[in-house]
Amino acid sequence: MNNINTIEDLYQMLDRYTEGVDWDNFYTRRDKPAPFLTYNKLPDKCVVEFIKEHTIQKACEFGCGEGRNAIYLAENGIEVEAYDLSEVAIENARRNAEESKTEKAVFRAENIFAADFADKKFDLVIDSGIFHHLTPHRRLHYRDIVSDILTENGYFILLCFAAGADGADEVEDYEFYRSRQTGTTFTEERLRTFWGEKFEILELRKGENIVEPEMWESEYLYICVFRKA
């Protein structure tokens, strides 16, 4: 019977009113003009700059893709747990990690809403691709997960689609369900309002189109650095 007896029952019902992305197919076909496929071995510029200025021992990445940020962190001596829904992406990430000869990154093909993070704490959490694809009813839970697994004064780096970039507009939460969206962009105001509930905003800026030998950045993203309040 399709009854709603728990919050998770409610979430699963609402999930049916949105369209997910087949990420295994996405990483297998590779026919989308996505920079993180083109530069799948280059870390984000903001991650490179952050690591130069902060001492981090343990980090976690959500939506790690083929491991570009996680491997960079591991190469810099940081223990990393990296998660992605796509088993194809995770297999590619493990292969890339083997090629780079790093052993400090652990890759998991897992839904973070079903993962067990009990007793896990990280100095840094990175999201370079999950938040802008989350359904509105999952975002609050996601914010709690990020906050809960961070150490006191831990950092959160978020990269997400910027409203107005590449012609994309923000989709209001109610419309997200009506039009069966797979994701949305965000305005600076919306990001400050949502994340400012639990985090101190250290940096929030539009990205630039930059491709260098060891890192990249795109103008269609907001670059956010938060600290747990």
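Q: What should I know about the numbering and the values first?
A: Residues are numbered from 1 along each chain as its sequence is written, and side-chain values use heavy atoms, with hydrogens and water left out. The model is predicted, so to speak by pLDDT rules: local features need at least 70, side-chain atom pairs count only at 80 or more, and totals for chains, interfaces and linings use all residues.

Q: What counts as a salt bridge, and how many are there?
A: You look for a side-chain nitrogen of Lys or Arg within 4 Å of a carboxyl oxygen of Asp or Glu. Here that rule gives 19 salt bridges.

Q: Which residue forms a salt bridge with Asp15?
A: Arg138, with the closest N and O atoms 2.7 Å apart. Asp15 sits in helix α1 (residues 7-15) and Arg138 in helix α7 (residues 136-149), 123 residues apart. Helices here are DSSP runs of H or I, at least four residues, and strands are runs of E, at least two, numbered from the N terminus. Glu8 joins Asp15 and Arg138 in a network of salt bridges.

Q: Is Arg138 buried or exposed?
A: Buried means under 20% relative accessible area, exposed over 50%, partly exposed in between (1.4 Å probe, protein chains only). Arg138 is buried because its relative accessibility is 8%, while Asp15, at 25%, is partly exposed.

Q: Where do Glu81 and Lys120 lie?
A: Glu81 is in strand β2 (residues 79-84) and Lys120 in the loop between β3 (105-109) and β4 (122-127), so their pair ties together parts 39 residues apart in sequence. Glu81 is buried at 14%, and Lys120 is partly exposed at 22%.
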